[in-house]
Amino acid sequence: MKQQPTPAPEAAFSPKERIKQAYLDYVLRKGKPPISVFKLTQKLGLPEQEFYASYPNFDAIDREIWADFGREARATAAREPVWEQYGAREKLLGFYYTLIEILKHNRSYALQSLRRSLSKMPGLTPRVLDDFRQDFEAFVEDLLREGRRTEEVASRHLVQHGYPRFFWQQQLFVLGFFAKDDSVNFERTDAAIEKGVTLSFDLVGRNTLDSATDFVRFLVRR
């Protein structure tokens, strides 16, 4: 029989990793953050100052967890052998599908966090997603820049600076849809992603409006 690897002892993890894991375990069990930093660090046998050396508050842990989800999704999607052959649309789809798989594996925490935060400010970005949003918008900006180079995305100098925020609203929609989806294995979320991304790239790609603008410019030049 193959011997199973011995789990790493708790002491092998840094205080920051122990704090984050203990916080996550508490939220999963109780459905809410701990009452105080003191209570959490007391349970871990750490001085309270050790927490503040890593995080200013519990919200910062939530922001880091969500940023980690996004970074893991981008890194995992980019490891696909066909990633470099994808256009901007396929790369965004790949990111979304990978992110949803990661959230499925962490569904208890993800659903609790989303339902708790998105319901407070519908349409607005909750603070828990601030770091996730910054990374996402930078990622989308890179995709759109690549898309303009390959002419998958139309160059519209007056409005294209706002595209990352537009796509962030789409990301919020996807997360909200996921949080409310009661279909088997979140199948409706996958369908919503495909339809949403198709519509978005129809809007930012060359379309009838661009053709009309080109025609008007041609007439004006004459």
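Arginine 74 is buried, with a relative accessible area of 18%. Buried means under 20% relative accessible area, exposed means over 50%, and partly exposed lies in between (1.4 Å probe, protein chains only). Arginine 74 belongs to helix α4. Its contacts, leaving aside neighbours within four places in sequence, are Phe95, Asp135, Phe136 and Phe139. Contact means heavy atoms within 4.5 Å.

The model is predicted: local features need pLDDT of at least 70, side-chain atom pairs count only at pLDDT 80 or more, and totals for chains, interfaces and linings use all residues. Residues are numbered from 1 along each chain as its sequence is written, and side-chain values use heavy atoms, with hydrogens and water left out.

The protein chain has 10 helices and 0 strands. Helices (H or I, at least four residues) and strands (E, at least two) are DSSP runs, numbered from the N terminus. Read along the sequence, the pattern is α-α-α-α-α-α-α-α-α-α. Of the 222 residues of the protein chain, 42% count as buried. Among contacts with a separation of 6 or more, 72% join residues 24 or more positions apart.

The largest nonpolar core holds 56 residues. Such a core is a set of buried Ala, Val, Leu, Ile, Met, Phe, Trp, Tyr and Cys residues joined through side-chain atoms within 4.5 Å. Trp66, Leu92, Phe95, Leu103 and Phe136 have the most contacts inside this core. At least two core residues come from each of α1 (15–30), α2 (37–44), α4 (58–78), α5, α6 (107–118), α7 (130–149), α8 (163–180) and α9. Helix α5 gives the largest share, 9 residues. Leucine 103 touches Trp66, Phe69, Ala110, Leu175 and Phe178, not counting residues up to four places away in sequence.

Two helix pairs were examined next. Two packed helices are described by the angle between their axes and the distance between the axes. Axes are lines fitted to C-alpha atoms, for helices over the stretch in contact, and angles run from 0 to 180 degrees between N-to-C directions.

Angles under 35 degrees count as roughly parallel, over 145 as roughly antiparallel, 65 to 115 as roughly perpendicular and the rest as oblique. The crossing of α5 and α9 is right-handed. A crossing is right-handed if the near helix is turned clockwise from the far one by less than a right angle, and left-handed if anticlockwise. From α5, the contact is made by Ala88, Arg89, Leu92, Leu93, Tyr96, Tyr97, Ile100 and Lys104. From α9, Thr189, Asp190, Ile193, Glu194, Val197, Thr198 and Phe201 take part. By class, this contact of α5 with α9 has 9 nonpolar, 2 polar and 4 charged residues. Ala, Val, Leu, Ile, Met, Phe, Trp, Tyr, Cys and Pro count as nonpolar, Asp, Glu, Lys and Arg as charged, and the others, Gly among them, as polar.

In the second pair, α8 and α9 pack at an angle of about 165°, with their axes 10 Å apart. The two helices are therefore roughly antiparallel to each other. Their crossing is right-handed. On the α8 side, the contact involves Tyr163, Phe166, Phe167, Gln170, Phe173, Val174, Phe177 and Phe178. These meet Arg188, Thr189, Ala192, Ile193, Gly196, Val197, Ser200, Phe201, Leu203 and Val204 in α9. The contact of α8 with α9 divides into 13 nonpolar, 4 polar and 1 charged residues.

The loop between α8 and α9 contains asparagine 185 and phenylalanine 186. Phi of asparagine 185 is near 55°, a positive value in a residue other than glycine. Phi of phenylalanine 186 is near 60°, also positive in a residue other than glycine. Asparagine 185 is partly exposed, with a relative accessible area of 45%. Phenylalanine 186 is buried, at 6% relative accessibility.

Helix α6 contains glutamine 112 and serine 117. Glutamine 112 is partly exposed, at 23% relative accessibility. Its C-alpha atom is separated by 8.3 Å from that of leucine 28, 84 residues apart along the chain. Serine 117 is buried, at 11% relative accessibility. Not counting residues up to four places away in sequence, serine 117 touches Pro126 and Val128.
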